Amino acid sequence: MNLDDELDRIFAARDRENMQPTIDSLLPLYASHSQNARVLYELGGAYDTAGQEETARGFYEGALAAGLEGDLLRRCYVQYGSTLRNLGEYDKSRAVFATARGAFPESAALGAFEAITLHAAGRHDAAVAALLDLVVEFVPSPDIDRYKAAISGNAAYIRSLEKKRPELSA
């Protein structure tokens, strides 16, 4: 069984309510493949799901440095940005999402989690505006299509409210 198959097998058996067996299964793979981007990412995700965000953070950073690519990179950005948010590092989380959105502009999930970070950082107007932008861009609906200009205009207006409060706009 190759490494990817082994990782797939481990995650097919995981129990999100008890991640320790998954972590225990991943640690030997990490010991023998400590520079493998996917191993680092998957171990970070397991620690993250177990509520060990500080430990997860290091593995996510290692996965990014090791050259994670494609959909795993997109998923890592979502999870790493969320972990930073959970650790209260809102500016770093926003920077991760800005980088990620540039790399994966088609990802609605990145936009949604970026909005969650904005909200957590007390930037409620920016969060609502970001969600409205996602609706316009990613919700295919004749009803939305009819009102895209109005929704976009409201997003711009709501975003401008934050800019009027210098303590929030950054």
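**The pockets and their charged neighbours**

Reply: Let's start with the largest pocket: helix H1 (3–12), H3 and H5 each supply at least two residues of its lining. Before going on, please keep in mind that this is a predicted model, in which local features need pLDDT of at least 70 and side-chain atom pairs count only at pLDDT 80 or more, while totals for chains, interfaces and linings use all residues. Residues are numbered from 1 along each chain as its sequence is written, and side-chain values use heavy atoms, leaving out hydrogens and water.

A helix here is a DSSP run of H or I with at least four residues, numbered from the N terminus. A pocket is an open set of points on a 1 Å grid over the protein atoms alone, where a 1.4 Å probe fits and protein lies on both sides within 12 Å along at least five of seven lines; lining residues have an atom within 4 Å of a point. Its volume is the space filled by probe spheres set on the points, which are joined across faces, edges and corners.

By that method, the largest pocket has a volume of about 250 Å³. Its lining consists of 14 residues, and Arg 14, Arg 16, Gly 45, Thr 49 and Gln 79 lie nearest the centre. H3 contributes the largest share, 7 residues. Sorted by class, the lining has 4 nonpolar, 3 polar and 7 charged residues. In this scheme Ala, Val, Leu, Ile, Met, Phe, Trp, Tyr, Cys and Pro are nonpolar, Asp, Glu, Lys and Arg are charged, and the others, Gly among them, are polar.

Now for the second largest pocket, which holds about 200 Å³ of space. Of its 13 lining residues, Arg 101, Glu 114, Leu 118, Ala 130 and Arg 159 are closest to the centre. Helix H6 (90–103), helix H7 (108–120) and helix H8 (124–138) each give at least two lining residues, and H8 gives the most, with 5 residues. Here the lining divides into 5 nonpolar, 1 polar and 7 charged residues.

Some of those names return in salt bridges, where a side-chain nitrogen of Lys or Arg is within 4 Å of a carboxyl oxygen of Asp or Glu. Arg 101 forms one with Glu 114, the closest N and O atoms being 2.7 Å apart. Since Arg 101 lies in helix H6 and Glu 114 in helix H7, the pair ties together parts that are 13 residues apart in sequence. Arg 101 is partly exposed at 23% relative accessible area, whereas Glu 114 is buried at 15%. Buried means under 20%, exposed over 50%, and partly exposed in between, using a 1.4 Å probe and protein chains only.

Arg 159 also forms a salt bridge, with Asp 133, and their closest N and O atoms are 2.4 Å apart. This pair links distant parts of the chain, with Arg 159 in helix H10 (residues 148–163) and Asp 133 in helix H8, 26 residues apart. Arg 159 counts as partly exposed, at 27%, and Asp 133 as partly exposed, at 30%.

One more pair brings us back to H1 and H3. Asp 8 forms a salt bridge with Arg 38, with the closest N and O atoms 2.6 Å apart. Asp 8 lies in helix H1 and Arg 38 in helix H3, so the pair ties together parts that are 30 residues apart in sequence. Asp 8 is partly exposed at 41%, while Arg 38 is buried at 14%. A network of salt bridges links Asp 4, Asp 8, Arg 38 and Glu 42.
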